[in-house]
Amino acid sequence: MPWDPYPDESATDPAESGVTATSARRRSVDEEVLEHVSGLRRYALLLVGDPHDADDLVQECLVRVISQARSWRKVNDLRAYLFTTLHNIFVDGHRRRQTRRGEVPIETVIADLLAPPRQQDWVELRDLVAALQVLPKEQREVVLLVGLEGLSYLEAANVIGVPVGTVMSRLSRGREALRRLTAHGGTAARLRVVK
Amino acid sequence: MNQSGAASARSTVDEGELHALVDGRLPGQRRAAVLTHLLIEGGDRERVEAYRRQLAALARIRKGLDRYAEGFAPELQRALADTVLRLRRRRLMLHAAAGLVAASVLTLAAFGALEAWRAEPEIATAIVYEPELSVPEFPFGGGFGQHTKVRPEGDRDRSLAWLAGHLRDQPLELPDLRGLGLVPVGGQVLDGGSAPAVRLAWTDSQGRIVDLYVGVVSSNAEQAFTMVGESLVSLHWRRGRLVFALVGPAESPELLQAVHSVVSGIRQPVAPAPVPAGKAKGATGEPRPIRAGVEPVPAVQTAAPPVAENAAPLREVAPTKVAADNPKPL
């Protein structure tokens with residue numbers, strides 16, 4: 001849900017008559033922040049492939065965003081701002097993180113986090129998650145921003161800082177690579193994708 | 001569909017449209033053409049189905065991790081929520097201030113229209129309309145918000161003492177706006193006008209300038225409007241013989257608080273005895289240059305227009321000079 005810097009203050013729930021408007025606003029913002037941070041953490045997990053690195057990335061992103069609050073004057077979409085900041089940190093530290101990748105298999109993490117799926121579903125999810133880790137990071141970013149987080153092509157382009165045409169191109173190549181990697185029963189982990 | 005129809009459909013559908021269809025972002029008018037294309041092109045249909053399965057799998061992951069951040073870095077989440085709330089409050093205040101200004105302008109416009117309407121019959125009956133209130137020209141030198149540079153802090157007290165000399169029985173003291181994150185950076189006598197006036201300047205941590213213009217008037221005549229620079233806003237009020245104008249960045253919601261601080265600061269001056277007119281250090285009735293107490297360095301305010309005519313030569317002061325007082329942004 002895009003961040004609305006000018007929410008309708010009059011739209012309060014009559015059922016909350018016993019609760020002050022301030023605390024209701026606070027709860028609403030807390031929920032909004034939880035939603036955004038969940039998106040960040042989810043995206044980072046699949047992007048980085050290592051849960052510890054992903055959490056480091058999200059924490060660093062939050063710290064940077066909070067410490068740069070003065071520059072928020074021009075921020076109209078908090079979610080886009082958060083994802084852009086996370087992208088920048090990821091790109092800056094990609095090489096460092098790459099050396100640590102694989103300490104904890106992401107398939108295991110996903111299996112632990114998700115409710116026990118049916119066997120067929122689980123195989124499909126495992127193959128997809130494994131294949132995502134093989135994709136070039138540029139393609140992985142776009143596939144996840146659009147497919148996992150539901151950003152529009154323009155929003156994804158703004159987050160990554162590339163033209164929309166580049167987003168479309170990366171999306172197309174990324175999805176096709178995923179399709180090929182997962183086409184024959186989970187051979188993703190053994191394959192390498194060439195950009 | 002026959003062969004020619006298939007070739008026609010294939011030629012009009014590109015890869016981007018296939019992905020737009022998968023993502024539900026294909027415009028309605030193209031949807032039929034792409035679906036027709038998929039009926040004909042089995043290979044593309046197979047790919048689109050695979051992409052849809054990918055999306056469905058990602059959606060399952062998303063649903064499973066819907067509240068993935070619950071309990072994650074609670075202090076950071078709280079700090080982020082605090083920042084969001086603070087920013088929203090600030091923007092709401094800005095909107096309220098903008099609405100107030102707009103309402104004032106509309107009220108003035110309506111009043112002007114009413115006056116014009118009331119005057120019309122007199123014109124129609126050939127009676128010359130003479131307003132009872134004459135509106136003299138603005139009596140102070142220059143226009144508000146037109147001074148791009150700030151004199152050194154040392155001139156602030158001398159300017160204030162010079163102005164106090166025109167009040168005889170009322171001492172003046174510089175209001176303390178540090179509670180609002182504003183640090184005094186200087187002042188100057190505004191010469192060139194028919195009434196004595198001074199300009200006092202503060203700055204915030206971002207180097208933006210807030211000006212307080214204080215003038216002494218001797219009549220009860222209302223003063224004319226004056227213009228401020230682009231992106232600035234001015235607040236005017238009067239207290240006895242003193243006329244005030246506070247000019248600052250338009251986006252600052254704390255200007256009204258600054259007004260209250262100034263009013264209370266002027267109301268309860270601390271100690272200093274009034275300085276007789278003409279006795280203040282370096283003060284005369286004539287325009288005079290003010291000597292800087294520190295070396296000039298570039299100022300940072302960029303929003304204001306060029307220096308007003310008749311203003312004395314200006315020296316610049318860097319906001320960093322007062323950084324030790326820990327100014328905050330407006």
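Student: Asp82(B): is that side chain buried, partly exposed or exposed?
Tutor: Partly exposed, because its relative accessibility is 33%. Keep in mind that this is a predicted model.

Student: What does Asp82(B) pair with in a salt bridge?
Tutor: Arg26(A), with 2.2 Å from N to O. That pair crosses between chains: Asp82(B) belongs to helix α5 of chain B, and Arg26(A) to helix α1 of chain A. Arg26(A) is partly exposed too, given its relative accessible area of 22%.

Student: Okay, and Glu32(A)? Which residue does Glu32(A) bridge to?
Tutor: Arg88(B), and the closest N and O atoms there are 3.0 Å apart. Since Glu32(A) lies in helix α1 of chain A and Arg88(B) in helix α5 of chain B, this pair also joins two chains.

Student: Are Glu32(A) and Arg88(B) buried or exposed?
Tutor: Both are buried.

Student: How many salt bridges run between chain B and chain A?
Tutor: Seven. Over all chains, the count comes to 21.

Student: And polar contacts across the interface, how many residue pairs?
Tutor: 20 residue pairs between chain B and chain A, counting those with both residues at pLDDT 80 or more.

Student: Which elements of chain B give two or more residues to the side that touches chain A?
Tutor: α2 (15–22), α4 (42–64) and α5 (74–124) of chain B. The largest share is from α5(B), with 16 residues.

Student: What's the make-up of that side by class?
Tutor: On the side of chain B that touches chain A you get 23 nonpolar, nine polar and 18 charged residues.

Student: Let's zoom out. How much area is buried between chain B and chain A?
Tutor: About 5100 Å², and carbon and sulfur atoms give 64% of that. In residues, the contact takes 50 from chain B and 62 from chain A.

Student: Changing topic: Arg42(A). Where does Arg42(A) lie, and is it buried or exposed?
Tutor: Arg42(A) is in helix α1 of chain A. It counts as buried because its relative accessibility is 2%, and the cut-off for buried is under 20%.

Student: So what do the polar atoms of the Arg42(A) side chain meet?
Tutor: Two partners to mention. The side chain of Glu149(A) makes a polar contact of 2.9 Å with the side chain of Arg42(A). From the other chain, the backbone oxygen of Leu65(B) lies 3.0 Å from a polar atom of the Arg42(A) side chain.

Student: Which residues does Arg42(A) touch, leaving out those up to four places away in sequence?
Tutor: In chain A, Leu148(A) and Glu149(A); in chain B, Arg62(B), Leu65(B), Asp66(B) and Tyr68(B).

Student: What about Leu34(A), which helix is that in?
Tutor: Helix α1 of chain A, residues 21–48. Leu34(A) counts as buried because its relative accessible area is 8%. Apart from residues up to four places away in sequence, Leu34(A) touches Arg67(B), Ala69(B), Glu70(B) and Gln77(B).

Student: Now inside chain B. Which residue does Arg47(B) form a salt bridge with?
Tutor: Glu15(B), at 2.6 Å from N to O. Arg47(B) is in helix α4 of chain B and Glu15(B) in helix α2 of chain B, so the bridge ties together parts 32 residues apart in sequence. Arg47(B) is buried at 13% relative accessible area, whereas Glu15(B) is partly exposed at 28%.

Student: Last thing, confidence. What's the mean pLDDT of chain A?
Tutor: 79, with 71% of the residues of chain A reaching 70 or more. Residues 1–12 of chain A are below 50, and that stretch has 21 contacts in the model beyond near neighbours in sequence. Residues 188–195 of chain A are below 50 as well, with 16 such contacts.

Definitions and conventions: Residues are numbered from 1 along each chain as its sequence is written. Chains are lettered from A and ligands numbered from 1 in the order in which they are written. Side-chain values use heavy atoms; hydrogens and water are left out. Contact means heavy atoms within 4.5 Å. Buried area is the accessible area (1.4 Å probe) that two parts lose on being put together, summed over both. A salt bridge is a side-chain nitrogen of Lys or Arg within 4 Å of a carboxyl oxygen of Asp or Glu. A polar contact is a pair of N or O atoms within 3.5 Å; within protein, one must be able to donate a hydrogen and the other to accept it, and residues adjacent in sequence count only if both atoms are side-chain atoms. Helices (H or I, at least four residues) and strands (E, at least two) are DSSP runs, numbered from the N terminus. Ala, Val, Leu, Ile, Met, Phe, Trp, Tyr, Cys and Pro count as nonpolar, Asp, Glu, Lys and Arg as charged, and the others, Gly among them, as polar. pLDDT is the predictor's confidence in each residue, from 0 to 100. Buried means under 20% relative accessible area, exposed over 50%, partly exposed in between (1.4 Å probe, protein chains only).
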